[in-house]
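Student: I should like to go through this structure with you step by step. May we begin once the sequence and coordinates are displayed?

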Amino acid sequence: MKSKILAALDYLFLLRPTLLMAGWTLFLLGEIAGTDRQAMSGFGISRDFALSFLAFTLMMGILSILNQLSDLGTDRANHRRFLISAGKVSPSAAWILAGLMMIIFLLLSFTNINFFIIAAIELLLWGLLYNFPPFRWSGRPILGLLTNLLGGLLAVVLGWTAVRHGFEWQVLFLGVPYLFGTGAIYLLTTVPDTRGDAKHNKITSAVFFGKNRTRWAAVLMILFAIASATMIGDTKMALTAGISLPFFIWAALQETEPETLRAIRYGVLFMSLAVILYHPWFLILLAITFFLSRWYYIHRFGLNYPTLKVKE
């Protein structure tokens, strides 16, 4: 019975729910900015926003599947226990699931044309240009970074658009701290995979600039996030980035993978905690995702994941 449950859950975890948590955080931060929501304002959300949240989740899931389909070689080289590279889900099944999700995404997003246009840009950037030849920006140090910067910004813009039902230029300025925050975390994520990426000619920021230059670039990104958040009066992001900064500096000083992973995990955690102050229900969603993921990865792969702990 357990094996059947795990096999069924393979298709859910193909969407990489642990990565979804970071995307949800940025999306909800955009919604908070768009509604000028007050902290601890309750559990209620509108039906339209719930549907937009579902559409965003589907979009992120599609992007995750496309990324895994394009990175089979590097995922195996970097010992990533992603389901396609691990042989748990076939590439053809993954394409079919992505196609079905795209249909549902289109049906949901057509009710908000501005949301649809911005989501389409995100899909173009991260789905096509980032992953597949002849573009494959994930293997180019500057274009890969720019894609992730824009991806973080667009997630915030999508949250804003979900409640505003229209695009306003001011959201681009409000999203700048999150652009830098996303960039800092992305830079660190390229560090642990340097050997496997280089072997497959995937020239990420860490491969091109070196591991520790990349770590210090991430520190600089966090400083930009703090400065820009302070300038526009975004106290929650200024505090979140400020609390994260020591972990990024320590990772750069120590030059070790455990401290790099710690900075990544704590950076995402602090941003998520900021959202919970405004959306208490988000804690329930994160807890369900976290504990279900723990059960799944322990029983499917024997991995203690996700976790805030890192192996020293």
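Student: In which helix does L12 lie?

Tutor: The model discussed here is predicted. Helix α1 covers residues 2–13. The helix in which L12 lies is therefore α1.

Student: Is L12 buried, partly exposed or exposed?

Tutor: A residue counts as buried under 20% relative accessible area and as exposed over 50%, with partly exposed in between. The relative accessible area of L12 is 38%, so L12 is partly exposed.

Student: Which residues form the nonpolar patch on the surface, and about how much accessible area do they have together?

Tutor: Helices α1 (2–13) and α15 (281–301) each supply at least two residues of this patch. I5, for example, has its place in helix α1 and is partly exposed, with a relative accessible area of 39%. The residues that form the patch are M1, I5, L12, L292 and W295, and their accessible area together is about 480 Å².

Student: How far apart in space are I5 and G166, C-alpha to C-alpha?

Tutor: I5 belongs to helix α1. Along the sequence, I5 and G166 are separated by 161 residues. In space, their C-alpha atoms are separated by 42 Å.

Student: With which side chain does the side chain of E31 make a polar contact?

Tutor: E31 is found in helix α2, which comprises residues 17–35. Its relative accessible area is 2%, so E31 is buried. The polar contact, at 2.7 Å, is made with the side chain of H279.

Student: What span should helix α12 have, and how far apart are its end C-alpha atoms?

Tutor: Helix α12 runs over residues 211–232 and has 22 residues. At 1.5 Å a residue, the helix should span 32 Å. The distance between its end C-alpha atoms agrees with this: 32 Å.

Student: Which helices are included in what covers the buried residues of α12?

Tutor: The buried residues of α12 are N212, T214, R215, A218, V219, M221, I222, A225, S228 and A229. Their cover includes α7 (141–164), α9 (176–189), α11 (205–209), α13 (235–254) and α14 (257–276).

Student: Which residue follows α12, and near what value is its phi?

Tutor: Helix α12 covers residues 211–232. The residue that follows α12 is G233, and its phi is positive, near 80°.

Student: How many salt bridges does the structure hold?

Tutor: Side chains of opposite charge can pair when their charged atoms come close. One of the salt bridges here joins R47 and D48, with the closest N and O atoms 3.7 Å apart. In this pair R47 counts as exposed, at 63% relative accessibility, while D48 counts as partly exposed, at 42%. The number of salt bridges that the structure holds is five.

Student: Are D234 and K236 buried or exposed, and how far apart are the closest N and O atoms of their salt bridge?

Tutor: The relative accessibility of D234 is 10%, so D234 counts as buried. K236 has a relative accessible area of 18% and is therefore buried. In their salt bridge, the distance between the closest N and O atoms is 3.2 Å.

Student: Why are E259 and R262 separated by about one helical turn, and what is the N to O distance in their salt bridge?

Tutor: E259 and R262 are separated by about one helical turn because they are three residues apart in helix α14. E259 is buried, and R262 is buried too. The N to O distance in their salt bridge is 3.1 Å.

Student: Where are P134 and P306 found, and what are the omega values of the cis peptide bonds from P133 to P134 and between Y305 and P306?

Tutor: P134 is found in the loop between α6 (113–129) and α7, whereas P306 lies in the segment after α15. For the cis bond from P133 to P134, omega is near 5°. For the cis bond that joins Y305 and P306, omega is about -5°.

Student: What are the phi values of R136 and E255, neither of which is a glycine?

Tutor: R136 has its place in the loop between α6 and α7, and at 23% relative accessibility R136 counts as partly exposed. E255 is found in the loop between α13 and α14. Phi is positive in each case: about 45° for R136 and about 60° for E255.

Notes
Residues numbered from 1 in each chain as written. Predicted model: local features only at pLDDT ≥ 70, side-chain atom pairs only at ≥ 80, totals over all residues. Heavy atoms only, no water. Patch = residues over 30% accessible without salt bridge, like charges linked within 9 Å, V, L, I, M, F, W, Y side chains within 5 Å. Areas by Shrake-Rupley, 256 points an atom, 1.4 Å probe, with all protein chains shown as cover. Salt bridge = Lys/Arg side-chain N within 4 Å of Asp/Glu carboxyl O. Helix = DSSP H or I, 4+ residues; strand = E, 2+ residues; numbered from the N terminus. Buried < 20%, exposed > 50% of the residue type's maximum accessible area, 1.4 Å probe, protein only. Polar contact = N/O pair within 3.5 Å; in protein donor to acceptor, adjacent residues only side chain to side chain. Expected span 1.5 Å × (residues − 1). Contact = heavy atoms within 4.5 Å.
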